[in-house]
Amino acid sequence: MSSSAYVGEYPSDTLREKTDWIIQSARAIDMAQDGGADHRMPGGVYVLDNEHVLATPRDNGDSRYPYGSDGFNFWVYASGYMHSNEGLYSHFLRASNGQESNIAFFAGLPDGDGFLPVPLLSVPKLPEQANTRFERYTVLSNSAAYFITDSDDLRFVVRVFVNASKEICFSIQASNLSGEDRSIYLSSYFNPFLRHQVFEGNEDPWFKEIQAMDPARGSGGLGSFLVRVNEDVDRTKSVSNWGVFRRSISLGAGSVLSRHEATTARMQYVGGARSSLHTATSLSRGTFGRPQRVCTFVDSAIAGDMLHIDIPAGGDARLDIVFSHPGDTAQARQLVHEPFKPSEIDKQLSELENHDRDRHSTLSLSVGQTDSRYIRGRVFNAFIEHLKRQVEFCALIKGYVQVSPNSLIGIRDVCQAIESLAAWQPQAARAKLIEAFGFTEPSGRCFRQYSLPSKNGQIGSVDLRPFIDQGSWVISCTSNYLKLTGKYGLLTEKVGYYKILDEATSQVEQVKEQDTVLNHLFKIMQYLLDHRDHGHTGCVRALYGDWNDAMDGLGVSMDPSQTYGTGVSVMATLHVLQNCQEMIDLLQALGDDRYAKYVRAYRAAAESIREGLRKYAVVSDDKGHARILHGWGDRRSYLVGGFNDPDGVARDGLTSNAFWILSGMLEHTPDMEWLILDAFDRLDDKYGLKTFSPSFPPNVRGVGRIGKLPPGTAENGAAYIHATAFAIMALFQMGQPKRAWDQLVKILPFTDIHENLSHSPFVMPNSYGHNPAKNIDGQNMNDWQTGSSNVVLKALLRFVFGIEPVFGGLWIQPAGWAPFKDFNARATVRGCDIHVICETDAPRGRRFTVNGQTVDAVYDLRMQIDKLWITPQQMAEKRLEIRITD
C-alpha cells in the first residue's frame, strides 16, 4: 500500500537523547577499570542510576518490571517478553520461556533479493547471523522499559510504558548513524487476547476479529487496528471486549515512508500453520504479499504491520503505537479515528516519571562509602529505590498478580506491605488497610484471601481457610501505622463485615452492620484469644496453619468428627502475645478509661500465654540441651522442631526462634538468648537462615504438605527470605548487628554470592533454593510479589537507619555496626520531617545533635547502643535534623 502519510514535525530528541545516555553509560561501565564492579548486580544487570538498571541478555533467568496502576499489571521482561492483565482479564497472555511471544518488533535490512530480519527484542531468538553485528541493551526503569539494538551504522530502540489512562504506549525509533542513505523496514506484531481467562482454549480464536482500518480522512496518519472479542458472561449474556491499536509515523528530515502493509492474519505474518515468529517468511521477503485486512474464525487474528522507510545519513524515523481497551462499541469506533502526536506520548511519560519521583520522595535512604566487598554503595542505594516500588506494588495490589484464578489478595501479605508503605505513602496505606478490615467476619475472623467486588457489586472470590495468623497481621499493621502517622482518626472509621454462608464452597455475603475500626480490632483480638488451647497449654491453636503455609498439618484433629484439634503454632502464639502488648499500648495512648477493662484482659491473657510458652514451647534432651518448638499436634501427641520429630530426627525451626525475640518474650526469659543464637547457627546456610533444618522428607506424619516440596526449596529447608528477614530483625534487637549483616549479605539479591539468581536482582525474591544433589543452587521461585520485600525494608528503616516510631515518641537507634561509613535518611513521622545524618568519626563514642544542639543519649542494654529519644513536643517543630557521629 502506498503511503500518503504526511511528514509531521519530528518530535523532540527526548527518546534519542535517552538512548544516547543509556549507551554512553553502558560503554562507560564496560570500559571501567574495575569492569563495572561498582555498578554490577548478578544476572548481567548493572545500575545506571537510582531509577534505571541495564540488563544484558542471559539464558539462566530473566529480570522484569511491572508497569501500570490501579490493578492494571503490564509485565515487561528484560528478554522482551510482555504480558498484561487486570484482574482475570488478560489483554496479552503470558508466553512461557521459548514460546512465541505475543508482542514483537523487527527491523529488516536488505540482504540479496530479500531482507535480513533483526528482532528488536531478545525474543524471538533468530539465527545468530541476525545478531552478530548488533549489541543489545535492555533498560528497565521505574516508569518505562527500553530495548536498544545498536551497531556502528544503525540504531533501533523500542520504548514501552503504560500511561495514566492504562494505555500501553510503544515507540520504535530507527536512526541511521552511517554516512550513507539506508533503506530498512520496521515491523510490529501483536496477538491480543482480551478475555477473562488466563490461558487460551481451542475455540477462543473463533470469537476474535481484528480489522485493519483505513486512515481517517485528514488524519495524515496510519490506519488503526480494531479488535473485537466476543465472550460469554453466562448462559444468557454475551459481551464484546474491544481493543484499539492506533499508529503514528514521524519522519525526520529527508526520511521517506516508501510503502507500508498491514495484516490481521497470523499465518500470513509467520508464513503458514507450520511456522512461527522464529521462522516468519514475511520478514525475510519484506512483504505480506496480498495483505489480509480482516481476520476471524479460520486463523488467529493479530495486528501486524511492515513499514519500508528510506532514511538519509544521520536521519531518523519513529513509529508510535498506542494500545487502548475502550469500554464499549461506541468508544472503540470513535477511538480508531483519533490521531495523536508523538510529543503527546513523550509528555505522558515525563509526567509519569515526575509523579513517580514525587510519590516516593518523602522516604529517602542512602549510604556512603562501604567497607564490604559485597555491599557497594551505588548498588545498595539503587536497590532501596526499587525496593520501595516493590513494597508499593505489594501493598496496593488488586489481585491476580500471578495470573491465576487463585491469586487473590492475602490479608497477611497486604497488611505487612501496608505497614511498610505507610512510611512514605500513609494515605494510600490507610485506604488499603480500611479495605482489608472490611473482609472480616462479625466474630473477628479475618479471611485468608479476598478479591474485590465487580463493578456491578458482585462479591468476588474469597479464601476462607482459617489460617490462624491472619488477624495478628491486621493488628500489627494498625499499631505500626498509628505509631508512624499519629492519625488516630482511623480508629473511628466505619467498616463493614462479611458473613460466611457456606465455608465449604466459600460463599459469603456482606452484612448491613458497620462498625468502627477499633471495634474490629477488639473482635479480631478476641477471636485470636478464643482460639487458644484453653483446656491444656493455653497456646494458640494452628487450625489450618500459620504464616508457614506449607506446614498445614498441625491443626488436624485426631477426632474424625472434628475438623481442627488442639495442635499449636508457637510462632502464632508468640505473635498473639505481641498483639496483646500492641493493643495495650494503643489503648493507653488513647488515654480513655473506657478501655481499662480491655487493658486488664490483654495483660492477663499475655501472662497466661507466657506461662504456656515457658511450660510447653521449650523442650530439652537428656543432655540438658534445649530448643524452642515450632509447634505440636492435637493433644500434644507429637512435637515439631524439637529433638524427636515425627520422622525421628532432631530439627530446628526458624520462625518460632525469631518471634521469641520480636514478641518481647526474651525480656521475660533472658537466659534463652544463647539458645536462640545456637539455633540460628544450626539453621545457617549458603544463602541465609533456613526455615527448617533438616528438611522434611515426604509423608511425615502431622506436618502437612511441606514434605512434598523438594528438600532445600521454599519452606522445606531453604532460605525462605521472609522468615530469614524476621530473624535478621531479631538479631538487630538482640544487639547482634554483625550477625544480622552477615545474613543481610546472604539474602540481598544484588550481592556477588547470587551468581545463579534466576529472577530480578534489583528487588527481593521470595527464596533461594539450595540442594546441589538436585542441581539447585541459589535459584528463586518468584520475585516482586513477596513479603520478604516489606520485612527487609522495615529492618533497614528501623535498625540500619534507626528510625523507630513508638506510641510515646520516636527512637533514633542505628545499630552498633554497619558496613558503611556514613548514611543519610529522611522520613516523615507524625507530620515531622525527620532527617538523620550519620558519620563514623567519633573516637569518644556515639554523639547526637538535634537541630545543632547536643543532646544526651539513652543506653539500650539489649541492643548495646546509645540511642536518642525524640518527644512529641520536639516533633511539633515539623523539621528535625539529627546528626550522629559514631
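This is a predicted model: local features need pLDDT of at least 70, side-chain atom pairs count only at pLDDT 80 or more; totals for chains, interfaces and linings use all residues.
Beyond its neighbours within four places in sequence, Ile 882 contacts Ile 812, Ile 834, His 835, Val 836, Ile 837, Phe 848, Thr 849, Val 850, Leu 868 and Ile 870.

Strand 14 (residues 182–190) is largely enclosed by the rest of the structure, because eight of its nine residues are buried.

Strand 14 pairs with two strands named here. Strand 8 (residues 103–111) runs antiparallel to strand 14 and is joined to it by six bridges; within this pairing, Phe 105 has Ser 188 of strand 14 as its bridge partner. Strand 20 (residues 301–311) is also antiparallel to strand 14, with nine bridges between them. In that pairing, Arg 182 is bridged to Ile 311 of strand 20.

## Pro 737

Pro 737 lies in helix 16 (residues 737–747). Its relative accessibility is 13%, which is under the 20% cut-off, so Pro 737 counts as buried.

Apart from neighbours within four places in sequence, the contacts of Pro 737 are Leu 731, Phe 732, Ala 815, Gly 816 and Trp 817. Pro 737 and Gly 112 are separated by 625 residues in sequence, and their C-alpha atoms are 66 Å apart in space.

Definitions and conventions: Residues are numbered from 1 along each chain as its sequence is written. Side-chain values use heavy atoms; hydrogens and water are left out. Contact means heavy atoms within 4.5 Å. Helices (H or I, at least four residues) and strands (E, at least two) are DSSP runs, numbered from the N terminus. Buried means under 20% relative accessible area, exposed over 50%, partly exposed in between (1.4 Å probe, protein chains only). Two strands pair if DSSP finds at least two bridges between them.
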